[in-house]
Amino acid sequence: MGDLIVLGISCIFVNNILLAQYLGNCPFMGTSKKMETAVGMAFAVVFVLVMAGLITWVVNTYVLVKYGLGFLRTIAFILVIASLVQFVEMFLKKSIPALYAGLGIFLPLITTNCAVMGVCLINVNEEYTFIETAVSSLTYAIGFGLALILFAGVREKILLGRVPKPLQDTSIGLVTAGLISLAFFAFKGMV
Amino acid sequence: MLEAILFMLGLGVSCGSVLSIASKVFYVYEDPRIAEVESYLAGANCGGCGYAGCSAAAVAVVKGEAPPNVCIVAGADAAANIAAVMGVEVGTAEPLTSRNTCRGGDRADDKFYYMGINSCRALSAFYEGKRICSIGCLGLGDCIRACAFDALKMSDQGYPVVDEEKCVGCGACLKVCPKNILEIKTMSERLLKLNEADDALAPCQQTCPAEIDIPKYIRQIRDGNYEGAVNTIRERNPLLLSCGRVCPHPCENYCRRGIEDEPVSINQLKRFVADYEMNSGKRLPISCAPDTGKKVAVIGGGPAGLSCAYFLRRVGHAVTIFDDNPKLGGMIRYGIPEYRLPKKVLEWEIDGILKTGIVAKTNFKLGVDFTIGSLISSGFDAVFLGIGAWKDYTLRVEGENLEGCYTGINFLTRFAKWQQGDSDDEMPIGNRCVVIGGGNTAIDCVRTLIRLGAQEVNLVYRRTRAEMPANEVEIVAAEHEGVKFTFLAAPTKVVGDENGHCKQLEYLKMELGEPDASGRRRPVPIEGSETLLDCDMLITAIGQGPEISFKENDTERIKNLGITRWNTIDQVNPITLQTNIPYIFTAGDSATGASLVVEAIGGGRRAARSIHQYLSGEEVKAPEKALFKKHIKESIFESVPGIVQEKRAEMPELPVQERITCFDETDLVLEEKEALRESMRCLQCCRLCYNKDDKAA
Ligand SMILES: Cc1cc2nc3c(=O)[nH]c(=O)nc-3n(C[C@H](O)[C@H](O)[C@H](O)COP(=O)(O)OP(=O)(O)OC[C@H]3O[C@@H](n4cnc5c(N)ncnc54)[C@H](O)[C@@H]3O)c2cc1C
Ligand code: SF4
């Protein structure tokens, strides 16, 4: 149990997928302009990442490893994740329309998100168990959401400031992301 | 190798089949038009339209919640295609544009000095910001940074200016502005906007019963943009040629310049641009919102009816005007004489209003040729009553029905009809004429009589000159033209000769006593001071009220229409002008009693606003903070520093000798040079800000 908590904390803070691993930069920049969007995106990622982490673990353990097809991992995962997201979208639309309306446009947006793909590959490379995979996927997603929402808050404030022309928008965004990332390095000693 | 190929095939097939089965199982019926509409949207998922992405926007369009032109990126072609999919007109909803309402900018004084804050939102969080004005622009440009379309820029004067070409009405600027300086409105919303207590309004604009943006049109004149000035006036007043001639300009009484100097000649500037348009030989286009499919009947084609019809038409309703007289215009055609408002000018003005697509049915009298009940049963959705005040009050003295005695409105309309060829009922004019009354009608009677060649014209009034309700300029003009005035005289009897023709007027001399409720000193008769005045024609022009007998021939429902004790049509609320019958609205003289042209025009617009609310299924109500004739306290000054006195533009007039022999227009229009000089006298006021004169040290 203790191990799982440590794993969780390290996934959220120490190895934060956005700020320490620098994966998922496009949604990080693209959906962080408005708090509202950032929150929507964060929830969509939590949802998809947990599902994707588990299903890819199953595919990996029971098919790829078993038949020695490890070299097909990347392409197999892409296919599986994409289909999964499509499936989930259809499922939600029919069965839980309220949730569908909330996550709406974000679901298809993360179909090919490298953060999702990255976490699935990390899970496999680290040879996590099924439970560990579940915890790591969930906490990576929480870390993603945390960083995204923090960053959106900062960017909304940046709007109020006078930013020199060459630094406006994405440039100042990247610089800010760098600074937040430095701050996250302080967590390094935690685990 | 074989395993790898088999695996990939297997994975592909299973993913494919799972998805296809899922799409069957989880199939949700979706209007096929959604996909079609979405294909025409820009696909940018920018959210600029206010919906969460393009598919959400497409859903809203199909549900009818968003107009075909919802996409702010895709442009007009896309809107046309979407409209075709939906089978509607392209612009069922009008485009929105943003406007900045504050012109204070750097003119505004600062209350506090803040260091280092460079965002309006941050600034306003500290004691509402640095400006003295509670509503004014802070000038740090949050709106400019928020605009994704580059449609806003900071002007040299320190307030934002909207580039209407680029603005898509997304509302981003409005959301960030902490001071509500920016407003996003459609043309209809702008046309029907009423002055509110939180608005940036100059004292003159607060006073104008039609709520015209006076500083704006004067600024446009100053910039040589005469067409812009005409359009600005037309947003509030469709009768600018007429008002420019006959309006007693209550706005000028509140002109801030007038506190230290002579007020700006606001109305003459209006006339100047109005005449400019007429003489330019072309009409400026007047745009109307897309048709709404609702029909409104406007009864009475006077200023109130014309104004109401014009605004209703512009917001997209189908309007028919019904009028009892052979031509439209009401009192400004049949009451106000030719020498003040030439019929040619009026004709041009009314034509322009009708050209927006209003149908006029003349020689059609309510209560005789049709009833309100019959209008409703023939498919009109609402009715506007603007039938004016056409019933002369009488003196109630002995002998006032003798031959040679007339009443004011009756005399003026009969004469006007004869003069413009509507009838061949020529009236005999006396040599020694007496007109009783002190209002506009009395003055118009005496000045008309002078022009008709009466040898002596005497105006008899109960009080003194200072109390005469007629326009001051008119009284002066009548004096110049040789009218005699008998003040403090109360008629008691008309004496006739043996043929039953009036011969003399007997009156009692009066003196001024204690002030009455209205603050005017009440005249009291002097005992035994009966005096006789010779006359062979007598006109009583002591006021008039609405003729409401039409009710009697109407349905039971209409018979219950509320009437006040002054015989005017009662309103639930003087701002909404709705009557006790929800689909009937009223304004102008029939609602207020005899009043002014601008008052009728303002009322017509307010009624149009309420009718529009009524037809859109909204609750008919006045804005919570409607200013409605009140003034914003902080904007009314005691003194105005920084003014250098400069004479106001003198109105050019026809010389007296020339004008008393004909009906040519007496008052002339300003020369362009003089108009420009006059426009420079305007201080461009807002609530608190104004421009000090350059010459003031
Ligand atoms: C002699 C005179 C001089 C004036 N001078 C000035 C001035 O200098 N400045 C100023 O601001 N104001 C002036 N006024 C006041 C101004 O003219 C009125 O306030 C204004 O015209 C009112 O407009 P209205 O639309 O309410 O009514 P009206 O202009 O009276 O219009 C009413 C219309 O309803 C029609 N109508 C009436 N009954 C019926 C019916 N039963 N069926 C169908 N149609 C009907 C009439 O034919 C008329 O066209 C003057 C008024 C008079 C009489
Ligand atoms: S100076 Fe100009 S803006 Fe100010 S009250 Fe007079 S006319 Fe209106």
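**Close-up 1. Polar contacts of ligand 1 in the predicted model.** A polar backbone atom of Met331(B) lies 2.9 Å from an oxygen atom of ligand 1, a polar contact being a pair of N or O atoms within 3.5 Å. The side chain of Asn325(B) places an N or O atom 2.8 Å from an oxygen atom of ligand 1. A nitrogen atom of ligand 1 is 3.1 Å from a backbone N or O atom of Asp324(B). The protein buries 97% of the 990 Å² that ligand 1 exposes when taken alone (Shrake-Rupley method, 1.4 Å probe).

**Close-up 2. The shell around ligand 1.** Of the 36 residues around ligand 1, those that come nearest are Val246(B), Asp323(B), Arg340(B), Trp390(B) and Asp589(B) (a heavy atom within 4 Å). The shell divides into 16 nonpolar, 14 polar and 6 charged residues, with Gly counted as polar. Helices H15 (303-314), H19 (408-419), H20 (440-451) and H24 (597-615) of chain B each supply at least two residues (DSSP runs of H or I, at least four residues). H20(B) gives the largest share, 3 residues.

**Close-up 3. The contact between chain A and chain B.** The contact takes 22 residues from chain A and 26 residues from chain B (heavy atoms within 4.5 Å). The two chains bury about 2100 Å² between them, 75% of it on carbon and sulfur atoms (accessible area lost on being put together, 1.4 Å probe, summed over both). Between chain A and chain B, 1 residue pair is in polar contact, both at pLDDT 80 or more. On the side of chain A that touches chain B, helices H3 (35-64) and H4 (73-95) each supply at least two residues. H4(A) provides the largest share of this side, 12 residues.

Residues are numbered from 1 along each chain as its sequence is written, chains are lettered from A and ligands numbered from 1 in the order in which they are written. In this predicted model, local features need pLDDT of at least 70, side-chain atom pairs count only at pLDDT 80 or more, and totals for chains, interfaces and linings use all residues, while side-chain values use heavy atoms, with hydrogens and water left out.

Notes. A polar contact is a pair of N or O atoms within 3.5 Å; within protein, one must be able to donate a hydrogen and the other to accept it, and residues adjacent in sequence count only if both atoms are side-chain atoms.
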